[in-house]
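Thanks for coming, everyone. Please look at the screen while I walk you through one structure.

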Amino acid sequence: MDERDGQASGALPDSEGASPRPEGPMLEVRFVVEEHCSGWRLDRYLHHKIPRLSRTRVQRILRVQVTLDGRGALRPSVRVRAGQPLVMRRPIPPEPDAPTAFGVLFEDDVVLAIDKPAGLAMHATARYHRGTLTWLLRAQRPGEPIAIAHRLDRETSGIVLCGKTTAAATALKGAFARRAVAKRYLAVVEGDLRGEGVIDRPLALARESPIRVKMEVAQDGLPSRTRWRSLDRRGAITLVEAIPETGRQHQIRVHFAAIGHPVAGDKLYLDDAIFVAFAAGALGDEARARLRIDRHALHAASLATAHPTTGALLRIESPLPADMRALLES
């Protein structure tokens, strides 16, 4: 997940109750009332689905943005019934710029391998809706039931594997869950890093950080291992190969930061002050110079797994992107 973007699993309404503008595209979130929620008050149900909303905001939103069984202008005390459709609508807010195209590395009847550019979010978030890979897939391939099998952080570039059928998507997701996918990343890290090795340090959510997605090395964390090898040293920076043997959030980024060689451009793990300035939209020239690159320099370069229908080895590769090549050459 991108550090500035809250996941959009229902966390979409931001208004304080203003009536949606009729012009412009609208964003819809749909729920079907679950059996165990039958009989709940409507405001309680909505708060249950979107916990970040206060009860007061829920009650304001109900007046103008929510329909239940097609009816609007709802009272908070209305009781919901299992199976009822609930729809929330709001104008799509302005979004930051994001890439609008992606490359295709491999495609057959059931598999699609995408070369995701840095800066493209995978799924809708609080800041991105149309600027996402899922939106682009729906827009560019309407009617195709393509499902993304795993995820990359918004700033990470490289291979994203998708299933073009429900069965293929399920098989690919299962392969990632079982760690039956060999993944290889390329990263540009700070400093002169030589040789090769294994970083074996458990990871957990950072307890003292106000940033809810930040990870840290913790003795009681989940086991985490990353194999690495130095490929190209340029004095102040080094191109490394990183092979995660586990799949923890931000694993490669946290592991290299933990050994004193953070990923270049990593605003979250390079310096807390830089991340605070970035989150506030106030990065200065000194901070930008220290980052070296506009995004963290991490690239999903290769991937190998069994094809979901034939069982044959499926190997996908993505070349080092231009911004990381420029960083090395500079």
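Which residue follows α5, and what is its phi? α5 is followed by G260, and the phi of G260 is positive, near 85 degrees.

Two notes on what you see. This is a predicted model: local features need pLDDT of at least 70, side-chain atom pairs count only at pLDDT 80 or more, and totals for chains, interfaces and linings use all residues. Residues are numbered from 1 along each chain as its sequence is written, and side-chain values use heavy atoms, with hydrogens and water left out.

Now the names. Helices (H or I, at least four residues) and strands (E, at least two) are DSSP runs, numbered from the N terminus.

Back to α5. This helix covers residues 251–258. It is mostly covered: six of its eight residues are buried. Buried means under 20% relative accessible area, exposed means over 50%, and partly exposed is in between, with a 1.4 Å probe and protein chains only. The buried residues of α5 are Q251, I252, R253, V254, H255 and F256.

Next, α4, residues 166–177. It has 12 residues and reaches 16 Å from its first C-alpha to its last. That is close to the expected 16 Å at 1.5 Å a residue. The expected span is 1.5 Å times one less than the number of residues. Buried in α4 are A168, A169, L172, G174, A175 and F176. What do the buried residues of α4 pack against? They pack against β6 (147–148), β7 (157–163), β8 (182–190) and β14 (298–306). After α4 comes R179. R179 lies in the loop between α4 and β8. Its phi is positive, about 60 degrees, although R179 is not a glycine.

D69 also has a positive phi, near 55 degrees, and is a residue other than glycine. Find D69 in the loop between β2 (66–68) and β3 (85–91). D69 counts as partly exposed because its relative accessibility is 38%.

On to the strands. Two strands pair if DSSP finds at least two bridges between them. β8 and β14 pair in the antiparallel sense over six bridges. There, L186 stands opposite H299 in β14. β8 also pairs with β13 (residues 237–244), again antiparallel, over six bridges. A187 has V240 in β13 as its bridge partner.

Follow β13 onward. Seven bridges join β13 to β12, and the two run antiparallel. T226 stands opposite P244 in β13. How many residues lie between β12 and β13 in their hairpin? Three, and G235 in the turn has a positive phi of about 80 degrees. β12 (residues 225–233) also pairs with β9 (residues 196–200), antiparallel over five bridges. Here D200 has R225 in β12 as its bridge partner.

Last, a helix pair. Two packed helices are described by the angle between their axes and the distance between the axes. The axes of α1 (residues 42–49) and α2 (residues 55–64) come within 9 Å and cross at roughly 115 degrees. Axes are lines fitted to C-alpha atoms, for helices over the stretch in contact, and angles run from 0 to 180 degrees between N-to-C directions. So α1 and α2 are roughly perpendicular to each other. The cut-offs: under 35 degrees is roughly parallel, over 145 roughly antiparallel, 65 to 115 roughly perpendicular, and the rest oblique. In contact terms, heavy atoms within 4.5 Å, L42, D43, R44, L46 and H47 in α1 meet R55, V58, Q59 and L62 in α2.
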